Amino acid sequence: MEDETFTDINGKAISLDCQSHSSLCREFTVSVPKVSIGKVLVFTCSVWLLAYAVFFFTENTAVLSSAIFVTLVGMMLYIHFVKVDHESLIVIHSLGIQLSSSFASGRETTSFIEMSKIKDIVINEAIYMHQIIYYLCVLLKDPSEPDAVSSVVPLFQSSKPRLNCLVKVYKSCQEILSKC
Amino acid sequence: MVLKVFFPQCCNRADSGLLVGRWISGHDSAVVLAVVHYPFIPGQVKQYVQQMKAQSGGELSVLGSWSLPKDGQEGMESFLRDLSTIFPQERWLQINRQLGKTGFTCQVLQRDQNGKVIQRETKKKVEGGDEEEEEEEEKVIFVHYEQKKVMFSQLHPLENGVPDPKTDPPSELRQMFQSVAGSAPLFFLDRYDDGPLKSTHWQSDGREASILVELLKQASVPLCMLLGWLLSIWTWISNARVFSLFPLRFLSSKLSTCVQLSHRTEHMRTLSSAKPAAGHTHFIRKANMVVSFLVDVSLGMLLIWWLYRDDHISMLANTLVPAADHVAKELEELLQWLMGAPAGLKMNRALDQVLGRFFLYHIHLWISYIHLMSPFIEGILWYGGLSACFGLTFALSLLSDMVALLTFHIYCFYVYGARLYCLKIYGLSSLWRLFRGKKWNVLRQRVDSCSYDLDQLFIGTLLFTVLLFLLPTTALYYLVFTLLRLVVVLFQGVIHLSVDFINSFPLFAVGLRLTRSHRLAEGVKFRVLCEEPGTALHLLMEINPLKCSTVVQNYRTPTYSCYPKDSWAALIKKLFVGELIYPWRHKTTKTD
Amino acid sequence: MGPDGVPGPAVPWRKVLWECQAFPDNYVDQRFLEELRRNEGIRQYRYWAVVREAGFVGEQLSCVAIFITLWLYMEQSLLFPETLLWTSLVCALLGYGLHRALPAPVESGCEPRTRLADLQSAAIFLSFTFGFSPVLKTLTESVSTDTVYAMSAVMLLAHLVSFPYAQPSPPGSFSLNAALFASVCLASRLPGALHTFAMLTCALLVFALWPCLLQRLRGSAPSQFAGVCVGVCVAGVAGLGSQWPGGAVLLALALGSVTLLCPLLLVRLQRHKDNIQGPWDEAEIHEDLGHFGH
């Protein structure tokens, strides 16, 4: 599929990759741009300058080493727990939906929702900070009442694509889900 | 309709033969469990399947045929199709794999009531892309799974005990997991056995280890009986009448050693029960208890080894008394400082002197008590150290109790200060209402206005003034002694937390999660396997292990720290009002 | 002149909401302003009557001044506590006699106090004050003098502000408590325990018992009441003048403005009052529902 250019809600460019493995299974991957080197530099420099300023007044070298330590640990934590590299959604007909997000460090979290639990996939609106955004979400069935929705699982939580991207994903998801 | 075939990875290269497995009711899916190889007598296969069915207690049938043509084996196709008449099934799967190709092809033969074979086939030409028949065809998804992992894994969230009939039947994946786990007897057939049937499926490699496990199980029975007997004696002793008298029972509920003892007894009682574990959770709980007990005891042994090696006990005893003396001296200095004008605060000198002397006298008493005790401390430590052979937790609890006993003077000061302060605060609050001409209406739980007599007003104001001007002095004493008390409580709290950690941390479950991550499954994840155009969709099912935090949450042994505690705000309010705080939880059953 | 009497071609407008009428919603006719009323229920004040009432405020002000004067004397040891105690005793006895002699205002449902109860109260006052005076003496030792003065000033001001001038007997709790608090603060600065005791007794007389007596006097003999007020004011100014002439001038100015100037202003500003009432006001619910009974 051709890659259109999409943006997330903050206007940053993201890329959507749709792969159709067969008529029964489709995979959507939303990739977020990598960590910019400038941002890392700014962060590192600010921490080190601060540490140097403290060192200048206290003349304690432990400050400098701890600053290096803090930057390293902070970056590691950031790429391991915060920075999401890409999020993917696999829709498999009659089996279920799999959501996974992989972090910049390579860590991957995956969860699979069986088809028997899924009611539908919809695009929803939400108030986010001071704006209204759209998001894609999976509606889960309530086991006791077949018509009720017990909970909602939002998709692409960290990349937050805009509506045009969501609509595209939504349409091809519905194509698979509605096939019987 | 889409057919899902769960196919074990170990059967990928199996010789041609029959597929043995089961259909999952309610879903269009088949779980292939084993492949019975080609040279077979159909009657024997039927008999074998019946036998296995009886042993595993679940449904088991011949699902279809499997062909992986080796060189020189041509023309199997029609033979395999004819087999479907021998094994009457509603649907007959015919799975083919070409050598050198990764993808499978599958044909489904459907049979209706009349016994007439209706054939619908999914024949996706490997070479060509002509899929003109697709609209009519039944589609197949192959889900490959690793038999061993699926067999041993436990899918969470667990249904506690028996599944509830009210909720809907277990989901497809759960049924699939259950059917793999339930057909363990099928996997006993060894590859190298000289039987009439040969089959391919997962095989245990560690027969020897399983023999060891069996031996251990046998050995654990008398051990449990012995333990149970010892426990019954212990219970008999602890239930004796002497121990249920008031002061002893009160004391034992406050001493952390006794609390720890009762916890351990409870654990041992659970372990020594003759009944096997009811479910997976219960089993893991028991295993956790065993492991944490063993770790505890070994840590305790380590402590004993350190304590008794170089006469560390007497060293400790020799430092303990001067330390207590030192604390008392520091307290004395603190009191002297408080009796002056501490930090330039405006204290009432007379009250200050009275309080200071009172506390000084207390410290004096305390020091003489310590000196009276000092010859015995070494002995106490020596015998107390022996308790570590029951486990590190006992030693820690004993330490906590000893700290509590050694800082009893601080506790006393705190109680005096808090009581005085509490009295003042309550007096001031009610007199302030009087000052404004209001009073607390108990019946309506609100403040009402009230007209007081002249003499009531006069005396109230007099007392109010006195209390108001004396408040800073009392508050300062209270503050200082509360801080001291908080230090002690903090220390005891850290000890309690560590004891609690050892008691309740699910070591076995976490170890299982780290070494055999497939054993505790949160769910599954799929990967799209082969991308050959034209073949059916192949997915690889992997097991998504449970998160470590969830493991700890699910399997921790319940202890007292799991219950909700006072919030910080409540604690601060208590401190402000002058209520007493304790490291242990108050039994709040007095309300009824 | 009702609309019924003027047969017009159209249906007359009626001030009701439950009928559909051929008028816009905000329509009113000429009768709208007929119901306008001005300054309803106004009371016309007369200057001297207002001055007489305001005299009570001035009298309370002077009482505070007298108390402060006494305290100043005590602090400089110009007045011995024994003297003060004896004087207080005599005053209290005289006042008590006067209080019994004056006819009590008729109160329903509440029995007049017996002599025994009065004696009991007096015993409680005296014993508690005497018992507490050494404690009170050391109470504010470590608190700085400025703080004590500021606290007493604030409390005395609170006493004056919150004093129930219309109904001073029994004295309002807060005003009495504030005055007592101030007097305890002040008394604790005196040199000896007996001084404290004497000062507190004096405070009790001035702030608690004197308003009761005065109220009874006002009820039974209004002309004497005015005289007493003037007397107290003069005594306050004179007393303060003997210790602190500047303060006396200030007090005199304050008294003059409170008793003479403020009533004058009130009477002058009276005629500028323009208060309109009419049907546009929200409905008032009158509490006298008794006439619905028959």
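Select chain A and colour it by burial: of its 180 residues, 21% count as buried, a residue being buried if 20 or more other C-beta atoms, placed from the backbone, lie within 10 Å of its own. The model is a predicted one, in which local features need pLDDT of at least 70, side-chain atom pairs count only at pLDDT 80 or more, and totals for chains, interfaces and linings use all residues. Residues are numbered from 1 along each chain as its sequence is written, while chains are lettered from A and ligands numbered from 1 in the order in which they are written.

Chain A is more spread out than a compact globule, because its radius of gyration, 21 Å, is well over the 16 Å that the globule rule gives for 180 residues; the radius is taken over C-alpha atoms, and the rule is 2.2 Å times the number of residues to the power 0.38. Along the principal axes, the C-alpha atoms of chain A fill a box of roughly 70 × 40 × 30 Å.

Contacts come next, that is, residue pairs whose C-beta atoms, placed from the backbone, lie within 7 Å. In chain A, 44% of the contacts with a separation of 6 or more involve residues 24 or more positions apart.

Now select chain C. Eight helices and two strands are found there, in the pattern β-α-α-α-α-α-α-α-α-β. Of the 294 residues of chain C, 28% count as buried. Among its contacts between residues at least 6 apart in sequence, 74% join residues at least 24 apart.

Definitions and conventions: Helix = DSSP H or I, 4+ residues; strand = E, 2+ residues; numbered from the N terminus. Buried ≥ 20, exposed ≤ 12 C-beta atoms within 10 Å, placed from the backbone. Contact = placed C-beta atoms within 7 Å.
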